[in-house]
Amino acid sequence: MSSLFVQKPESVTATKGKDVTFVAKVDSSQLSRKPALKWLKGKWLDLASKAGKHIQFKESYDRNTKMSLIKVVDADAGGYRCEVTSKDKSYSCTFEVSVQGRSGRRHLITLFGDADEDAGELDFSVLLKKRNKKKLEGPKEEVDVWEILKAAKPCDYEKIAFQYGITDLRGMLTRLKKMKAESKKSDAFLKKLDAAYSADKGKTIHLSVELADPTATVKWLKNGQEIKPSAKYVFESVGNKRSLTINKCSLSDDAAYECQVEEEKCFTEVFVKEPPVTITKQLEDVHTVVGEKVEFEVEVSEEGANVKWMKDGVELNRDTAGSRYRFKKDGRRHILIINEATKEDIGTYYAFTNGGESQAELEVEDKELEILQSIADLTVKASEQAVFKCEVSDENVTGKWFKDGVEVQASERIRISHIGRNHKLTIDEVVASDAGDYTFVPDGYALTLSAKLNFLEIKIEYVPIEEPPKIHIDTSGCGNQNTITVVAGNKLRVDVEITGEPAPVTCWTKGDQVISEAEGRVRVEKEQTLSSFVIEGAEMEDEGFYTITVTNPVGEDKAEIYIKVVDVPNSPENVKCTSVGEDSATITWDPPSFDGGVPIKGYLMERKKVGTARWTKLNFDVYESNTYEAKKMIEGVLYEMRVFAVNSIGVSQPSSDSKPFMPIAPTSEPTRLVVEDVTDTTCALKWRPPERIGAGGIDGYIIEYCKEGDDQWVQANKELVEENDYRVKGLPVGEKMLFRVTAINIAGRSPPATLSQAITIRDIVENPKIRLPRNLRSKLIKLVGEKVNLVIPFQGKPRPVVTWFKDNVLMEDKSVGTRTSEVDTILFIRSAERRHSGKFTLSVQVEDMSECADIHIQVVERPGPPINVHVTDVWGFNASLEWKPPKDDGNCEIIGYTIQKCDKKSTEWFTVYEHNRRPSCTVSDLIMGNEYSFRVFSENICGLSNDPGISKNSAVITKTGLMYNPKLFKEVGMNHSPKFIAPLLDRSVIAGYNTAISCAVRGYPKPKIIWMKNNITIEGDPKFLMQNNQGVLTLNIRKPGLFDGGRYSCRAVNDLGEDQPGSPSAMVQWRDQYSARHGRHRGITGIKEVLTHRYGPAASVIYTRSLSHTESLLMLQPPHALMLRSSWHDP
C-alpha cells in the first residue's frame, strides 16, 4: 500500500531540546487530483491541529512535505504515521521517534495494519503518565503479541494489553476471535460478511453477502433485534447478492450485526468513529494570589464533546477533585474552576480531547496584606481600660501581640480578640506595669504594627458618669431603611454598636421569642460595646422583624431590623404544548409558585428527543413571556420540554418534563378532484390523496358544497370519510353547485381542493359502451362440466337496457343465467355442455342508441376412439398401421394420436408413438418370432380419448422373408437447355457508388455464364464481380465512373444449347442520387415480380439474399425447393 511514496520518513533518535525534521515525497504524476497528506501521532491524533511553534509543516512545489519538531521534548517520543489519501485509496507509512533521556521504552503495536480507522481512542493517561528519567535501554527483541494472546487465558487479556500498550481492547478481541475461528464452509453463504466494518460518523456504510440460493430470503439483525427497512436502513437484492446500507451513521449504529438465512448466520462488527474533537481556543496561563478564584477556559470544535482535565499528570474529575474543583460546560466552552487558590494548586493544567490538547501554567503568590487601620499610641490613667485596635485587609489572617518584644498572653484582665478583619488587645484596669511598647505581628507576613502605652498616674476623686443607652445601626448599604437582605444558605452577621454608661444590657427578640447567646445557627455574640446578630446558613423561616433592646439604670433604647431572605425561585409549573407546526411547537407554562423573594427576570428553555438524555438549550438570554415557540424541530419526532425560572439570585431547578409532543403539519390540499357521476339529486366526487402528507398521516376528509355565487359552505358528511370518493346526496335539481374537499389530521385542516367550475345537478345522457375484457375478445374454450362465469362491464346513462342473444336468437335457455347491475352484466352456466357452444351476443341500449359485443364459447371434451384400426403390411421387423379418425372429435380438432403395442407373450402395452399427426404409422424394431397387437388413442386439447381403437388383426414377425425388395425407382429426366426467367433491366447509377445488374436463368447441366459490355466479353477485370447463386446471375460494378456506362448483356451456354435474356442487353447510365435510387428500386422490384409470378415467393427471397452478400443460401421447403433444384441444378 506504500507504492505512492517516493521517499518515506525514517525513524530517528532525537536529542532533547534539538530540532528534528521528517521528509515525505509523493509521486502524484499518475493521479488526476492532488492527494491529501496527513501527519498523525498514535492511532489518529491529527498533528495539523497542533501546528504552531513546536510542530511546523512545509510543502514544496515538487510534492515534498516536511514536518519539523522544534526543541524536542520527552512527550514527542512515540509512533507516528504519514498518510496519503487519493479518492477511495489510502497509502500510509509509519516511523518512530525516540528521545534521549526518556525513561523506559514503549512497545508500539499496530492492531489493524497501519492504525487505520478501526483503531481505538487515544489513551491520554499513557501520554501524560509521569516517567522517571533513566538511561535509554538497549534494543529489545521483537515480541509477537498475537501468539502470546492466543496462548493466554481470557482473564489475562487486559493485563497483556496494558503491558504492551494496546489501547483498543475491543478491536484486539475482535481480531483475536477472528484469528481463532476455524474456517467452516457455509451451505447458505458463498461470501459472508467481513469481520468488521468501519465508517466515520454521518457517513454511509454498506454490508453485503452472496448467497448460494438466489431465491433465499435473509434477515438483518442488530444486537439480536431484527432491522426493519426504513430511510436509514436500506435493503437491496440483486441476483444472489444481498446488501444492507446504513445511511448517516451515528454512535448508536456502533453494534454487532447479523445476516440470517434460515438457520444459518454470519456476523460482523460495525465501528462508528467520531471525528476528532479539536481545541479552537487554547488555555491561558493564570497568575493569581492565594484565596482568589481561578478559571481555566477552553473551547472545542463540537458541542457536547468530552474533555479530560489533568494537573501534573493526575486526572481531575468529580470523584477525585472533591469540592476543591468545579467543572462547567457551556456549549463548546469547558471551564475548570478553582474556588480559592492555594500554593498547592501551583502546577501545569491540561485539557485533552481525542483530537488535541492544551496546557497552561498556574502561579499562586501570597496575598499582600494591607493595613486598613493601624494601632495608635494610648495614654491612660490607672484603673482605666486600654484598647489597641487594628484592621487588615484579610479577615483570615491571624497574628500575635507583643509587649517590649515579649508575647502577650491572655488573662482575666488582658483580652485578645479577632473579629473579621479587626484585631484587638484590651487591657482592663491599667496599672503602671502595663506601660511599654506594644506590637502586632500578622502570621506569615514580614510586617509589624507598633504603638506605645503611656501610664498617667493622677489621683482624682472618681465621680461615676451616667449616660442613657444608645443603639447605632449602620444601614447605609441597604435599599430600605433598617432592611437587610440575605441570600438563602449564606451567613448573615449584623454588628450593632451600643453606647451608654453604665454598660447597658442587650436583648434580641423576634416577636415574643428571645434569641439566646448560646451556640446555635441563630445566635447573639456580645462584646463590651458591640452586639452581633449571627445567622448561619439563612433559611426562609428566618425572615421577619427582629428587635434589639438596650437598657441601663439611666434609660432604654430600641431598634427594629427587618431581615429579608431571598433565594432562587421554584420551578415553573404546568409546562405543556398547546399547538404544533411542521417544525415548530408552542409551549406555555405557569410562573413558579414562589419567586424567591425577588421578581422573576425571565425563563430558560430546554428540549430533548424522547428516549435520549441530552437536553438542548433553546435560549441563552432570559425570555420574559410565559409562551414560547420552539423552532427547527424534526417533523414526526417526539420531543419533551422543560423550563427554568431566573431571578437576580440565580436559576431555579428544572420544571417537570412536559408530556411528549410531536411537530406535525396539516397535509397539503387533496389532488385531482373530479366529478365521477351526476344524477338528479346526487353528485359523485373522486380525488387523490395530498402530495404532502407528513408524519401526522390522514384521519379522513370533509366534503362541502354551496350554490354558485354563495359563500355559505355546507358539510355533506357527518363523520370523516376515509376513502377517496364520496357521493353527495340531497342536492337541489337543476342548481349549479360548487364542491370542495379538505383533508383532516391531528394538526388540523388542510387547504381545500375546490372544483374550478360549478356542476349542474341533472342526469347526463351517455352513449352506451361495452368494456369487453381482453380474454373474451377471442374464442373462450371450456371443458364439459366446468363453470362459466363472465363479467362484462358497460357504461351508459340513464341505466341501459341489457339483452342477451345466442346465435342471433333471443336467449331463452334456462340453463344459462344472466344478472345485470348498473355497471356490469354477468352470464353464468353452472355446468357447461356441448350444446352451449356458439356465439353469445350482448346488446346494451340507451334510448335509441345501442352497442353490441359477440362472445364465442366452445365447450369441448375428450374425443372418441379411432375406428377401423388394422395392420396393412408386415415386413422384416416392421409393421404398417392405418386407421380412420374418430366419429366424435370432442367438439375440437384432433391434434394427434398415441400408438401402443403389445406382444402375445407378455400382454403388456408399450407406447410406440405420441402426438402422431397422420392416421397411419410404421412400427419398427419388432422382435422376430413374436405376434403383436396394436391400439391407438386419439388426442385433442382435452387429452387422450378414454377408450382406444384396437387393431382387428395382428402382426406376426416371422423368421423367414427378412429381405425387403423395394420397388425400382424411375428417374425423371432433368436435362434441358438454358432459359432466362428474369431479364436484364436498364439502370441509372451515381458515379462512385457500387451497383449491380441481375437476371435469372435455369438449365441442366449448369450453364456457363458469359457477361459482355458493348458486345465485348468481360474477363479478368477486378472492377467487375460475377456471381451465380442458384440461377440468380449478378454482375457487381465497383465504384463506376462515366466510362463504365454502356450496354451490358449476358449469355448462358451448356451442351443442350444457349440463351440470352428476353431483353438482350441492359443500358447503364449515370445520373443524380435521387434518380439512381429510384431506378435501382424499380429494376430490382421488376425482377422480384417476375420471379414471384412464375415460381412463387421463394424464388424472390433467393434473389433478394443474393444481392445482400451477408447471409448464407436460403434453405427452401418443398415444393419450391424441388422446383428450383430441378431447374438450376446448383450442387
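Strands, as I use the word, are DSSP runs of E with at least two residues, and helices are runs of H or I with at least four residues, both numbered from the N terminus. I am working on a predicted model, where local features need pLDDT of at least 70, side-chain atom pairs count only at pLDDT 80 or more, and totals for chains, interfaces and linings use all residues. Residues are numbered from 1 along each chain as its sequence is written, and side-chain values use heavy atoms, with hydrogens and water left out.

I checked Pro 1005, which sits in the loop between β81 (995-1004) and β82 (1008-1013). Pro 502 belongs to the loop between β39 (492-501) and β40 (505-510).

For exposure I call a residue buried under 20% relative accessible area, exposed over 50%, and partly exposed in between (1.4 Å probe, protein chains only).

I found Asn 808 in the loop between β64 (801-806) and β65 (809-810). Asn 808 is not a glycine, yet its phi is positive, about 65°. Its relative accessible area is 59%, so I put Asn 808 down as exposed.

Then I went to Asp 925, in the loop between β74 (920-923) and β75 (931-940). Asp 925 is not a glycine either, and its phi is positive at about 60°. I noted Asp 925 as exposed because its relative accessibility is 68%.
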